[in-house]
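The following note sets out several points on side-chain packing for the attention of a colleague. It is arranged as numbered paragraphs, to be read alongside the structure.

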Amino acid sequence: MTESGRVVVAGAGLAGFRTVEELRERGFAGPITLVGAEPRPPYDRPPLSKKFLAEPGLDPSLKADFAALEVDFRPDEAATGLGDELITSRGAYPFDHLVLATGAVPVALPGDGRQRFLRTYDDALALRDLLRPGQRRKPLRLAIVGAGWIGAELATAAAAHGSEVTVVEAGPAPLAAAIGAQLGAQTARWYAAAGVDLRVATAVEAVRPGGLDLAGGARVEADEVVTAVGVRPAIGWLEGSGLRIENGVAVDAGLRTSRPRVFAAGDCASFESRRFGRRLRVEHWDVALHQPEVIAANVLGGDEVYDPVPYFWSEQFGRMVQYVGHHGGAESLLWRGDPAGPTWSACWLAAGRLVAILTVDRPRDMLQGRRLIASAAPVDASRLTDPAIPVKETVLA
Ligand code: FAD
């Protein structure tokens with residue numbers, strides 16, 4: 001189907017770019033405008049906290065060919081409001097369909113000291129320059145606030161470059177907010193082995209010139225501070241639009257907002273997950289990659305639903321960490337292998353079924369776990385705890 005009309009996309013990150021790509025791939029022939037606040041063409045963010053920090057030659061761009069796609073790409077232009085048209089910093093765009101894909105922005109801490117972030121290409125360029133060995137006579141003292149995914153990956157790169165890294169985390173363990181303290185605590189030994197000073201249960205009161213003021217009066221001295229305490233959806237510009245907002249732009253399972261012909265995808269959107277029976281906003285690359293397929297199909301008159309088993313990966317301290325599923329509502333957590341060892345997995349179960357799995361250098365567990373979660377087959381928990389038995393062979397007959 002090649003329904004015409006005008007499509008406007010706000011936000012030129014992965015979700016925005018994939019939307020225009022998918023529309024063309026599916027034969028949409030009408031005009032498309034892509035408006036992006038950043039001055040550069042779309043690029044991929046995952047490499048920015050990984051290889052990009054170590055390899056000056058690495059190009060994270062998505063290699064968009066807007067001429068071939070016949071897309072009117074408008075960089076350096078921010079969407080500022082939504083009425084009958086999309087209002088931007090440079091004009092107004094009428095649309096037949098609008099896709100909101102403005103992503104997320106890092107949360108800042110209080111204080112008058114300089115805070116760096118790791119969200120954009122420019123953020124990563126600046127950090128790469130700072131970390132480059134030989135930049136200073138003494139090693140860089142780097143304080144990272146937040147031991148989440150980004151904090152851990154940046155700590156990995158900085159320690160490998162010879163920086164003196166302190167990671168300050170308010171929660172009881174690294175990754176506690178994402179995967180729970182019991183599991184997150186197993187990664188603390190990775191920081192120690194890399195020579196990173198990890199301080200958990202430590203709240204930062206303010207970022208000051210020269211370091212961090214901690215709650216209780218202590219200080220962490222640092223040459224540079226990177227704040228990595230999470231992001232919030234970049235939707236302030238939609239205030240007054242009348243769109244339903246619920247931890248991001250609220251969309252249904254077909255990624256439709258509360259307004260007809262307006263869709264939302266990626267980090268800025270919270271979608272109804274039929275599989276998990278709840279609304280989810282998932283700040284993961286895989287979501288921004290695949291949601292646009294559903295949006296393009298539905299713009300073209302289809303009625304597709306986005307309902308995958310969520311997937312995420314992180315590379316930290318020389319390990320590939322992968323997570324599939326959603327463990328909210330899980331009743332138990334089982335180990336596959338020794339979490340002090342080099343490779344292991346952790347499995348969350350609910351009602352005798354696998355609902356999520358985290359794997360450390362065990363990609364096969366992840367792949368088989370993903371299928372098992374999707375099938376919702378009952379599993380034999382005692383077999384699942386034996387890392388010698390493939391995950392797929394733990395299904396109860
Ligand atoms: P974004 O990528 O944020 O793109 C949104 C775009 O919209 C941005 O370019 C922004 O400037 C623009 N914009 C914002 N406001 C406006 C406006 N008002 N008008 C116009 N444009 C606007 N996920 C994983 O699964 N695995 C990983 O290993 C991983 N690593 C990551 C590492 C880093 C450093 C970061 C930052 C993220 C990482 N992620 C990872 C998350 C993943 O990159 C995001 O989930 C994904 O980029 C979301 O895509 P998006 O298009 O929704 O948002």
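1. Two rings of Phe, Tyr or Trp are taken as a pair if their centres lie within 6.5 Å, the six-membered ring being used for Trp. In this predicted model, such ring pairs join Phe17, Phe66 and Phe73 into a cluster. The structure contains 12 aromatic pairs.

2. One of these pairs is formed by Tyr43 and Tyr121, with 5.5 Å from centre to centre and 70° between the planes, an edge-to-face arrangement. The two residues are 78 apart in the chain and the pair links distant parts of it: Tyr43 belongs to the loop between strand 2 (32–35) and helix 2 (66–69), and Tyr121 to helix 3 (residues 121–131). Tyr43 counts as buried because its relative accessibility is 4%, under the 20% limit. Tyr121, at a relative accessible area of 17%, is buried as well.

3. Tyr323 and Trp348 make a further pair: the ring centres are 5.6 Å apart and the planes stand at 65°, so the geometry is edge-to-face, the cut-off for that class being over 60 degrees. Here too distant parts of the chain are linked, with Tyr323 in strand 22 (residues 319–325) and Trp348 in strand 24 (residues 344–350), 25 residues apart. Both partners are buried: Tyr323 has a relative accessible area of 9%, and Trp348 one of 6%.

4. A charged group also meets an aromatic face. Arg128 lies over the face of Phe52, at 4.4 Å from the ring centre.

5. The packing of helix 1 (residues 14–25) against helix 8 (residues 285–299) deserves a separate point. Their axes are 8 Å apart and the helices pack at an angle of about 35°, in a right-handed crossing. Helix 1 contributes Leu14, Ala15, Arg18, Thr19, Glu22 and Leu23 to the contact, while helix 8 contributes Trp285, Ala288, Leu289, Pro292, Glu293, Ile295, Ala296 and Val299. By class, the residues of this contact comprise 10 nonpolar, 1 polar and 3 charged.

6. Apart from neighbours within four places in sequence, Glu22 is in contact with Pro292, Glu293 and Ala296. Another charged residue, Glu293, is thus among the contacts of Glu22. As for Val249, 227 residues from Glu22 along the chain, the C-alpha atoms of the two are separated by 21 Å.

Notes
Residues are numbered from 1 along each chain as its sequence is written. This is a predicted model: local features need pLDDT of at least 70, side-chain atom pairs count only at pLDDT 80 or more; totals for chains, interfaces and linings use all residues. Side-chain values use heavy atoms; hydrogens and water are left out. Axes are lines fitted to C-alpha atoms, for helices over the stretch in contact, and angles run from 0 to 180 degrees between N-to-C directions. Helices (H or I, at least four residues) and strands (E, at least two) are DSSP runs, numbered from the N terminus. A crossing is left-handed if the near helix is turned anticlockwise from the far one by less than a right angle, and right-handed if clockwise. Contact means heavy atoms within 4.5 Å. Rings of Phe, Tyr and Trp (its six-membered ring) pair if their centres lie within 6.5 Å; planes under 30 degrees apart count as stacked, over 60 as edge-to-face and the rest as tilted. Buried means under 20% relative accessible area, exposed over 50%, partly exposed in between (1.4 Å probe, protein chains only). A charge sits over a ring if NZ of Lys or CZ of Arg is within 6 Å of the ring centre and within 35 degrees of the ring normal.
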